[in-house]
Amino acid sequence: MQTERRRQLSTADERRETVLRTAIGAFASRGYFGTTTTEVAKAAGISQAYVYRLFPNKESLFAAVVEHCFVRVRESLEGGAAEAKGSSPEAVLSSMGDAYARLISDNDLLLVQLHAQAAAVSVPAIRDAVRAGYARTVEYVRGASGGDDRQVQEFFAVGMLCHLVVSMEAQEVDAPWTRTLTAGIRHY
């Protein structure tokens, strides 16, 4: 009986991961406010009741999706830090920036981040998830790079500019303002 119970828990954990992965696509398309749990359930191939069995409400589901995205960001930054051509803060931050630029070429992850920031304005649970994710990520970047506050702030500021450049496909517009915004910005 105990073996059966462990198997059920494992299956629930696997389903939870499946729901999180598929929910990224659903929330990327229509955002937190425009996506229903019915749409998430359909994308995951499960019933809406089962979604609610895994997550008590849409807020907790979206907060878990946000956390899942921050985990992917952290993994990307870790890979970038490991590939750095030197150990100076500049070398490590540059390599992590390149890894992040590659990661956000996955538009679904980028869109979920943008939707999360927008929803954080009015949904406290999402605000908490975004704050917690950034807190962990800032401290990771600081520790891995050895950068000072200004360098770490600049790293995140350029990352936010990357969000803007990529989301509006600024590289597709040949104009003075887009050249100003995209100068030195890596995108894939």
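The largest nonpolar core of this predicted model holds 52 residues, and within this core Phe27, Leu61, Val65 and Val141 touch the most other members. A nonpolar core is here a set of buried Ala, Val, Leu, Ile, Met, Phe, Trp, Tyr and Cys residues joined through side-chain atoms within 4.5 Å, where buried stands for under 20% relative accessible area, exposed for over 50% and partly exposed for values in between, with a 1.4 Å probe and protein chains only. The elements that give two or more residues to this core are helix 1 (2-34), helix 2 (37-44), helix 3 (48-54), helix 4 (58-82), helix 5 (89-103), helix 6 (107-120), helix 7 (124-145) and helix 8 (149-167), and helix 4 contributes the most, with 10 residues. When residues up to four places away in sequence are not counted, Val141 touches Leu77, Leu93, Met96, Gly146, Val152, Phe155 and Phe156, contact being defined by heavy atoms within 4.5 Å.

Residues are numbered from 1 along each chain as its sequence is written. Local features need pLDDT of at least 70 and side-chain atom pairs count only at pLDDT 80 or more, whereas totals for chains, interfaces and linings use all residues, and side-chain values use heavy atoms, with hydrogens and water left out.

Taken as a whole, the protein chain has nine helices and zero strands, helices (H or I, at least four residues) and strands (E, at least two) being DSSP runs numbered from the N terminus. Of its 188 residues, 39% count as buried, and the C-alpha atoms fill a box of roughly 60 × 40 × 30 Å along the principal axes. Among the contacts with a separation of 6 or more, 65% come from residues 24 or more positions apart.

Helix 6 and helix 7 pack with their axes 8 Å apart and at an angle of about 125°, the axes being lines fitted to C-alpha atoms over the stretch in contact and the angles running from 0 to 180 degrees between N-to-C directions. The two helices are therefore oblique to each other, since angles under 35 degrees count as roughly parallel, over 145 as roughly antiparallel, 65 to 115 as roughly perpendicular and the rest as oblique. At this packing, Ala116, Gln117, Ala119 and Ala120 in helix 6 meet Ile126, Arg127, Val130 and Tyr134 in helix 7.

The count of disulfides, each a pair of cysteine sulfur atoms within 2.5 Å, comes to zero.
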